[in-house]
Amino acid sequence: MKPAARRILHAGIFLVSLTAAAGAFAHAHLKQQQPAENAEVSVSPQQLTLGFSEGVEDKFSGVTLTGPNGSAVATGEAKRSPDNITQLIVPVKQALDAGTYTVSWHVVSVDGHKTKGQYRFSVK
Ligand SMILES: [Cu+2]
């Protein structure tokens with residue numbers, strides 16, 4: 001291989017590893033939530049708060065809340081907290097009966113990467 005070609009190859013490998021490293025650290029991972037994952041709350045929550053590892057774009061982010069019988073629970077639009085771009089707030093529009101609820105979330109972080117996941121909590 002000619003030296004020039006070798007340099008280009010090395011530069012390419014360097015870029016790929018750099019991108020992979022940035023991707024691993026830059027995605028918005030769910031770090032905390034209210035009600036917390038697997039929590040048992042006694043009062044029906046009026047909102048869900050999801051805290052991520054980096055800023056999220058609320059226009060491209062959302063949450064669905066599913067009740068114990070698999071039916072969708074009415075929620076308002078997911079909005080970013082006015083003073084914390086890593087926090088997504090979702091109003092819960094109806095009182096939750098006792099049972100286990102599943103929160104399925106998808107977000108686009110400020111760097112444009114998509115992540116998604118789900119967790120559960122229970123109402124006593
Ligand atoms: Cu990312």
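## The copper site

The copper ion is coordinated by two residues, Asp-111 (OD) and His-113 (ND1), at 2.0 to 2.4 Å. Donors here are N, O and S atoms within 2.8 Å of the metal (3.2 Å for Na, K and Ca); water is not among the atoms, so sites may look incomplete. Asp-111 is partly exposed, at 33% relative accessible area. His-113 is partly exposed too, at 29%. The classes work like this: buried means under 20% relative accessible area, exposed means over 50%, and partly exposed lies in between (1.4 Å probe, protein chains only).

Which residues does His-27 contact, leaving aside its neighbours within four places in sequence? They are Ser-53, Glu-54, Asp-111, His-113, Lys-114 and Thr-115. Contact means heavy atoms within 4.5 Å. Two names on that list, Asp-111 and His-113, also coordinate the copper ion. His-27 sits in the loop between α1 (3-26) and β1. With 19% relative accessibility, His-27 counts as buried.

## The model and its layout

This is a predicted model: local features need pLDDT of at least 70, side-chain atom pairs count only at pLDDT 80 or more, and totals for chains, interfaces and linings use all residues. Residues are numbered from 1 along each chain as its sequence is written, and side-chain values use heavy atoms, with hydrogens and water left out.

The protein chain has one helix and nine strands. Helices (H or I, at least four residues) and strands (E, at least two) are DSSP runs, numbered from the N terminus. The protein chain has 124 residues, and 35% of them count as buried. Take the contacts between residues at least 6 apart in sequence: 59% of these join residues at least 24 apart. The protein chain exposes about 7,900 Å², and carbon and sulfur atoms supply 56% of that area. Accessible areas come from the Shrake-Rupley method with a 1.4 Å probe; for residues, only the protein chains shown count as cover.

Look at the loop between β1 (30-34) and β2 (40-41), where Pro-35 lies. The peptide bond from Gln-34 to Pro-35 is cis, with omega near -5°. Asn-38 is in the loop between β1 and β2 as well. Asn-38 is not a glycine, yet its phi is positive, about 65°. Most residues other than glycine have a negative phi, and most peptide bonds are trans. Is Asn-38 buried or exposed? Asn-38 is exposed, with a relative accessible area of 60%.

## Strand β3 and its partners

Five of the six residues of β3 are buried, so this strand is largely enclosed by the rest of the structure. β3 pairs with β1 in the antiparallel sense, over four bridges. Two strands pair if DSSP finds at least two bridges between them. Gln-33 has Leu-50 in β3 as its bridge partner. β3 also pairs with β7, again antiparallel, over five bridges. Here Leu-48 stands opposite Val-90 in β7.

## The nonpolar core

How many residues make up the largest nonpolar core? It has 21, and those with the most contacts inside it are Leu-48, Leu-50, Phe-52, Leu-65, Leu-96 and Phe-121. β8 gives the most, with four residues. A nonpolar core is a set of buried Ala, Val, Leu, Ile, Met, Phe, Trp, Tyr and Cys residues joined through side-chain atoms within 4.5 Å. In soluble globular proteins, nonpolar side chains tend to be buried together.

Leu-96 touches Ser-44, Pro-45, Leu-65, Val-73, Tyr-101, Phe-121 and Val-123, not counting residues up to four places away in sequence.

## Two aromatic pairs

The structure holds two aromatic pairs. Phe-52 and Trp-105 form an edge-to-face pair, 5.1 Å centre to centre, with 70° between the planes. This pair links distant parts of the chain: Phe-52 is in strand β3 and Trp-105 in strand β8, 53 residues apart. Both residues, Phe-52 and Trp-105, are buried.

Tyr-101 and Phe-121 have ring centres 5.9 Å apart and planes at 20°, so the pair is stacked. Tyr-101 in strand β8 and Phe-121 in strand β9 are 20 residues apart. Tyr-101 is buried at 4% relative accessibility, and Phe-121 is buried at 1%. Rings of Phe, Tyr and Trp (its six-membered ring) pair if their centres lie within 6.5 Å; planes under 30 degrees apart count as stacked, over 60 as edge-to-face and the rest as tilted.
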